[in-house]
Amino acid sequence: MYDEGLDLSQPVAWGSEEERQAAIKFFNAAFRAEESGLRQAHELAEEVASMDPDLAETLRLYGDEEGWHRELLTEFLTFIGGEVRPMGRVTGTFYRLYGRAKKMESIVLVNLMFETIGSTTYRMALSRVKHPAIRPMLTILTRDESFHVPLNVHFLKHAMKGRTLRERMRLRALYKVLFLALLASAYASRRRAKAFDNIEFKELARAYAEHLAALFAREPDLGFTPPPFVLKLLGIDEEGLSQSEAARVTSIEEAERAIDRQQAVVSAL
Ligand SMILES: [Fe+2]
Ligand SMILES: [Fe+2]
């Protein structure tokens with residue numbers, strides 16, 4: 001991991017200053033996601049260390065990978081003439097609330113949903129952004145975050161073992177609320193990053209909804225279902241979700257295939 005650096009010898013030929021500013025905002029959002037993922041993974045690792053050392057080690061390594069992404073992004077932001085900026089009001093509130101979550105299963109569920117929108121955004125951006133100096137950064141993020149999604153589905157199943165019905169109901173409600181909040185975040189992010197990633201709000205919202213819904217389409221027992229009116233509104237076929245491409249990327253088979261990380265990118269594109 002640490003041997004894989006970025007080649008930052010060629011400057012980016014920006015189409016406009018607006019595009020560059022939007023890229024700085026895009027990668028700042030990525031930076032905050034990495035920072036939060038790193039902290040939560042290491043906290044969870046400590047929590048489970050005495051019960052399950054193997055799981056703790058996996059969580060630690062996973063957190064380390066987020067830490068490595070954070071380092072790469074810090075370097076990359078300087079390369080594009082930007083810097084790590086303080087969080088905006090909405091983003092700050094989001095992460096503060098998340099930071100206050102104490103129950104393991106809530107933390108893992110929120111993290112899983114964040115990973116899902118992260119990997120969805122990176123995959124879409126990678127299919128649109130053509131700058132040769134930017135694609136390697138997006139490729140690393142797409143590749144690793146695609147792997148983190150099925151990894152977190154596994155963590156969540158683990159964390160949900162032995163939970164009471166009441167706890168499960170709480171978690172299902174959290175899933176629904178976050179589902180809507182993340183769709184709303186797609187709207188807010190368009191104002192900031194669209195000049196860079198060229199993704200329209202409707203495309204992004206539909207992709208978020210589809211991937212967040214598909215996460216559990218093959219695990220109906222867990223009971224995580226999105227608000228049905230949203231799927232209808234976005235033209236997503238609920239019945240077909242378990243067989244969809246979106247469900248495939250979160251499967252255990254996909255996680256096993258992602259042991260060869262380059263394959264994860266090939267299948268992501
Ligand atoms: Fe990451
Ligand atoms: Fe991640």
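Mentor: We'll go helix by helix, then look at a few single residues. Keep in mind that this is a predicted model: local features need pLDDT of at least 70, side-chain atom pairs count only at pLDDT 80 or more, and totals for chains, interfaces and linings use all residues. Residues are numbered from 1 along each chain as its sequence is written, while chains are lettered from A and ligands numbered from 1 in the order in which they are written.

Trainee: What counts as a helix here?

Mentor: A DSSP run of H or I with at least four residues; strands are runs of E with at least two, and both are numbered from the N terminus.

Trainee: Start with α1 and α2. At what angle do they cross?

Mentor: Roughly 160°, and the axes of α1 (residues 17-48) and α2 (residues 53-79) come within 8 Å. Axes are lines fitted to C-alpha atoms, for helices over the stretch in contact, and angles run from 0 to 180 degrees between N-to-C directions. The two helices are therefore roughly antiparallel. Under 35 degrees counts as roughly parallel, over 145 as roughly antiparallel, 65 to 115 as roughly perpendicular and the rest as oblique.

Trainee: Is that crossing left-handed or right-handed?

Mentor: The crossing of α1 and α2 is left-handed. That means the near helix is turned anticlockwise from the far one by less than a right angle; clockwise would be right-handed. By class, their contact has 16 nonpolar, 5 polar and 5 charged residues. Ala, Val, Leu, Ile, Met, Phe, Trp, Tyr, Cys and Pro count as nonpolar, Asp, Glu, Lys and Arg as charged, and the others, Gly among them, as polar.

Trainee: How does α6 sit against α7?

Mentor: Helix α6 (residues 165-197) packs on α7 (residues 201-214) at about 155°, with the axes 9 Å apart. The pair is therefore roughly antiparallel. On the α6 side, the contact residues include Phe-179, Leu-183 and Tyr-187; on the α7 side, they include Phe-201, Ala-205 and Leu-212. Contact means C-beta atoms, placed from the backbone, within 7 Å. The residues of this contact divide into 11 nonpolar, no polar and 1 charged.

Trainee: And α4 with α7?

Mentor: The axes of α4 (residues 104-128) and α7 come within 10 Å and cross at roughly 135°. That makes α4 and α7 oblique to each other. Here α4 passes α7 in a right-handed crossing. Met-113, Thr-116, Ile-117, Thr-120 and Met-124 in α4 meet Ala-207, Tyr-208, His-211 and Leu-212 in α7. This contact has 6 nonpolar, 3 polar and no charged residues.

Trainee: Why call α5 enclosed?

Mentor: Because 19 of the 26 residues of α5 are buried, the rest of the structure largely encloses it. Just after α5, Gly-162 takes a positive phi of about 75°.

Trainee: How many residues of α3 are buried?

Mentor: The count is 1 among the 12 residues of α3, so this helix is hardly covered.

Trainee: Where is Val-129?

Mentor: In the loop between α4 and α5. Val-129 has 19 C-beta neighbours inside 10 Å and counts as partly exposed. Leaving aside neighbours within four places in sequence, Val-129 is in contact with Ile-134, Arg-135, Leu-138 and Asp-197.

Trainee: Last one: is Met-169 buried or exposed?

Mentor: Exposed, with 12 C-beta neighbours inside 10 Å. Met-169 lies in α6. The C-alpha atoms of Met-169 and Phe-224 are separated by 9.4 Å, and the two residues are 55 apart along the chain.

Conventions
Two residues are in contact if their C-beta atoms, placed from the backbone, lie within 7 Å. A residue is buried if 20 or more other C-beta atoms lie within 10 Å of its own, exposed if 12 or fewer, and partly exposed in between; C-beta atoms are placed from the backbone.
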